[in-house]
Amino acid sequence: MTEKEAPENGSHVPKRIKELREILEISALDMAKETDIPFDTYSKYEGGELDIPISVLYTIAHRLGTDVTVLLTGEEARMDSAAVCRKGKGVQIERYPGYEFASLAYNFKHRTIEPLLVTLDSSKPPAAQVSHSGQEFNFVVEGQVKVTVLKTEHILNPGDSVYFDARLPHSQSAVNGTAQFLTIIQE
C-alpha cells in the first residue's frame, strides 16, 4: 500500500491521537507495536506527515479504548437508539486530494458498521489499493465508479453495488468527473 501525504485539514486527528496516547501513558513505540504498525509509519501518522487510512483509525481508536468519533470530532458519540444525519451534515474528512468522505453515523455509540458517503474526483490521482479487516459494501449514488478488488475492475453506475471481502486489496476511483458512493464497512 502506498502512503499518501496527510491533508492540511486533517491535522486535528493526529493531535488527538497523540494526546489520548499520552493521557493513557502509552509510549509511541508501544502504540506502534500494539497496533501492528511499523514504528516509522506510526510516527508519521501521529506527526501528521502521512494520511491515516480509515481502517488504521479504527485500530488506533480500539487500542485507545475510544470510538473513532472521538478521533474525528473530539467529542463522544451520544446516541444509542437512533442517530439522524441530515444531508451534508456528516463529519467531513478529506483523505487526500480527490477522495473525501463523510461519516454518516458518527454520533451513534458502539456502532458495528461504518456508513460513509465518499466523493471522488477523476481529475486527481486515484487512491492506492488498501485492505482492512471485515467486509465492505459500495452503492453508487452518482457518476461512475471503478471499484478494483485484487486486479479485477468493476465499472459501476448509479444504483449499482458491490460487496466484497475487505481483506483483499481494493480501491475506488471516479471514471469521469466526480462520483459519489455509499460505502458501508463492517470491521
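These legends describe close-up views of a predicted model. Local features need pLDDT of at least 70, side-chain atom pairs count only at pLDDT 80 or more, and totals for chains, interfaces and linings use all residues. Residues are numbered from 1 along each chain as its sequence is written, and side-chain values use heavy atoms, with hydrogens and water left out.

**View 1. Histidine 132 lies in a loop between strand 3 (113-121) and strand 4 (135-142).** Strands are DSSP runs of E, at least two residues long, numbered from the N terminus. Histidine 132 has 9% relative accessibility and is therefore buried (under 20% relative accessible area; exposed is over 50%, partly exposed in between; 1.4 Å probe, protein chains only). Its side chain makes a polar contact of 3.0 Å with that of glutamate 136 (a pair of N or O atoms within 3.5 Å; within protein, one must be able to donate a hydrogen and the other to accept it, and residues adjacent in sequence count only if both atoms are side-chain atoms).

**View 2. Strand 5 (residues 145-149) pairs with strand 8 in the antiparallel sense.** Five bridges connect strand 5 and strand 8; pairing requires at least two bridges found by DSSP. Valine 147 faces glutamine 172 in strand 8.

**View 3. Arginine 111 and glutamate 114 form a salt bridge.** Their closest N and O atoms are 2.7 Å apart (the term requires a side-chain nitrogen of Lys or Arg within 4 Å of a carboxyl oxygen of Asp or Glu). Glutamate 114 is buried, at 3% relative accessible area, and arginine 111 is buried at 16%.

**View 4. Arginine 167 and aspartate 165 meet in a salt bridge of 2.6 Å, N to O.** Arginine 167 is exposed at 58% relative accessibility, whereas aspartate 165 is partly exposed at 24%.

Conventions. Helix = DSSP H or I, 4+ residues; strand = E, 2+ residues; numbered from the N terminus.
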